[in-house]
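The sequence and the structure are shown below.

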Amino acid sequence: MPYNKDKQQAFQAAQQGATEAIDAYQNIVKESPDYGRQLKHLTEEVNEAYQQINNALENASETQRKRLEQYQNDLEKIVNELNLDNI
């Protein structure tokens, strides 16, 4: 039973981390005087979400694995878009 609880908790942490990173991305305002601070916060959120996802992938069920991989794809899109903006 503890194994399943840990697996679920890891998945929920990854889910929350990805959601927070996506929210931070959606709330960033390029024209804002706070843009640098927002970008730093977003970078921290994305890095934390990646760590949580990788942790959850270690023992995820097949259903969870598919969702976690989608979170990874979503985060990758954010990173790629930020990299294009900064070229």
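Helices are DSSP runs of H or I with at least four residues, numbered from the N terminus. The model is predicted, so local features need pLDDT of at least 70 and side-chain atom pairs pLDDT 80 or more, whereas totals for chains, interfaces and linings use all residues. Residues are numbered from 1 along each chain as its sequence is written, and side-chain values use heavy atoms, without hydrogens and water.

Lys 7 lies in helix H1 (residues 2–26). Lys 7 is buried but forms no salt bridge, and Glu 62, the nearest side chain of opposite charge, is 10 Å away. Buried means under 20% relative accessible area (1.4 Å probe, protein chains only); a salt bridge places a side-chain nitrogen of Lys or Arg within 4 Å of a carboxyl oxygen of Asp or Glu.

Gln 38 belongs to helix H2 (residues 35–57) and counts as buried because its relative accessibility is 18%. A polar atom of the Gln 38 side chain lies 2.8 Å from the backbone nitrogen of Val 29.

The table lists contacts (heavy atoms within 4.5 Å), leaving out residues up to four places away in sequence.

| Residue | Residues touched |
|---|---|
| Lys 7 | Asn 59, Ala 60, Ser 61, Gln 64 |
| Gln 38 | Asn 27, Ile 28, Val 29, Ser 32 |

Gln 64 is 26 residues from Gln 38 in sequence and 30 Å from it in space, C-alpha to C-alpha. In H3, the buried residues include Gln 64, Leu 68, Tyr 71 and Leu 75. Helix H3 (residues 62–85) has 24 residues and reaches 35 Å from its first C-alpha to its last, close to the expected 34 Å, which is 1.5 Å times one less than the number of residues.

Conventions:
Helices (H or I, at least four residues) and strands (E, at least two) are DSSP runs, numbered from the N terminus. Buried means under 20% relative accessible area, exposed over 50%, partly exposed in between (1.4 Å probe, protein chains only). Lys and Arg count as positive and Asp and Glu as negative; His and the chain ends are not counted. A polar contact is a pair of N or O atoms within 3.5 Å; within protein, one must be able to donate a hydrogen and the other to accept it, and residues adjacent in sequence count only if both atoms are side-chain atoms.
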